[in-house]
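Biologist: I have a model open and would like to learn how to read it. Could we go through it together, one feature at a time?

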Amino acid sequence: MKERKIFWIIIFNLIIVFSEILFGFISNSFALIADALHNAGDVIAIVITYMALKVGTKKTTFQYTFGFIKAEMMAAFTNSMFLSITMLYMIYEAISRVFNPEIIEPIYMIVVGFIAVVANGISAYILHTLGVDHEHGHEHSHGHHHHHHGDANIQSAYLHMLSDALISVGVVVAGIFIYYFKVYYIDSVLTIIFSIYILKHSYPLLKKSFLSLMDVNTTEISQDTLDEIIKSNKTILEYNDLHISKPNSKYSFISFHIVLDNDNLTLLSIEELTDNIKHKLEHHGFNHILIQVDSDKHIKNQTHCDYNGTST
């Protein structure tokens, strides 16, 4: 269902892009053409989103042991980065147009811009509803909490459509001012304001997706809490080789070794120990947990992993 809706959003916005380019040349409106180019870039971003959704559903294989679980964040980072670059370019062009205004025909700006506002607004609304996680905050049967968040990939596409809608609003308002007051620089001023607004709101997603791709721990659990969970059993001397990552908005991975001071524990008692740890970690949002059990000869007196050939 998501893929089908996004596919029609792509087709719908391609029509808007070609219309804005056509009427931009007819009216000699650089603002319309610039908006069309911005829309075209965002259509590319939506295509990336569509491809990520299709690829992300593929099953794991021997070669792709993680499947395409990072497709969401890859698309989100690409979209957010492209959007940021586009906004910076729009600001640059807008500043140039302040000092070099061009005479344009405002009627086409108003009509085509209004159509673009409606089209982009509808597209943004659809993407926003697709990207919202309706399960957030609800409890499941065992008393745990869902920690799923909206799809970052779709959220980035939503930001693209929102930016299109806002800039199209600027085109309409600029057209009205030009029509009544011949104030040709107003479209540049509004473009700068909207571009700064979009940059501000796209940065958190750009940061989130970048940190995810770098396998940075962005989960909400603190190290003190993790220490308390793992070391609650006195049999555990330490834990090491810790890895925590959030490959997309729906999964949180954690893996580590635990060192036991009792070599005579049965397999059943070890499983009970690790199951208890897993149960507590699941309560904190982790849904992919790997625990390796070691004897005390593997003590390292450090928690984290060093990739220079030794563990620390």
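Modeller: Gladly. Let's begin with contact, which means heavy atoms within 4.5 Å. Take M109: leaving aside its neighbours within four places in sequence, M109 is in contact with S29, A31, L32, I104, F114, V171, V172, A174, G175 and I178. This is a predicted model, in which local features need pLDDT of at least 70, side-chain atom pairs count only at pLDDT 80 or more, and totals for chains, interfaces and linings use all residues. Residues are numbered from 1 along each chain as its sequence is written, and side-chain values use heavy atoms, with hydrogens and water left out.

Biologist: What is the mean pLDDT of the protein chain?

Modeller: pLDDT is the predictor's confidence in each residue, from 0 to 100. The mean for the protein chain is 84, and 90% of its residues reach 70 or more. Over residues 133–149 the pLDDT is below 50, and beyond near neighbours in sequence this stretch has 31 contacts in the model.

Biologist: Which residues have the most contacts inside the largest nonpolar core?

Modeller: In soluble globular proteins, nonpolar side chains tend to be buried together. A nonpolar core is a set of buried Ala, Val, Leu, Ile, Met, Phe, Trp, Tyr and Cys residues joined through side-chain atoms within 4.5 Å. Buried means under 20% relative accessible area, exposed over 50%, and partly exposed in between (1.4 Å probe, protein chains only). Here the largest core has 23 residues, and M87 and M109 have the most contacts inside it. Helices α2 (30–56), α3 (71–99), α4 (106–131), α5 (152–181) and α6 (186–213) each supply at least two residues of this core, and α5 gives the most, with seven. A second, separate core of 18 residues includes I229, I230, Y239 and L260.

Biologist: Is S202 buried or exposed?

Modeller: S202 is buried, with a relative accessible area of 0%. This serine lies in helix α6; helices (H or I, at least four residues) and strands (E, at least two) are DSSP runs, numbered from the N terminus. Leaving aside neighbours within four places in sequence, S202 is in contact with S80, L83, S84 and L159.

Biologist: How do I read the two sides of a helix?

Modeller: An α-helix has 3.6 residues a turn, so residues three or four places apart point the same way. Look at α8 (residues 267–283), where L273, T274, I277 and L281 are buried. They cover an arc of only 85° around the axis, which puts them on the same side of α8; the arc is that of the directions from the helix axis to the C-beta atoms. On the other side of α8, L268 and E272 are exposed.

Biologist: What covers the buried residues of α8?

Modeller: The cover includes α7 (223–230), β1 (236–248), β2 (251–260) and β3 (288–294). Just after α8, G285 takes a positive phi of about 100°.

Biologist: Which way do the strands run, parallel or antiparallel?

Modeller: Two strands pair if DSSP finds at least two bridges between them. β1 and β2 run antiparallel, joined by eight bridges, and form a hairpin with two residues between them. Within that pair, S255 of β2 is the bridge partner of H243, and I244 stands opposite I254. β2 and β3 run parallel, with seven bridges joining them, and F253 stands opposite H288 in β3.

Biologist: How many residues of β1 and β2 are buried?

Modeller: Eight of the 10 residues of β2 are buried, and in β1 the count is 11 of 13.
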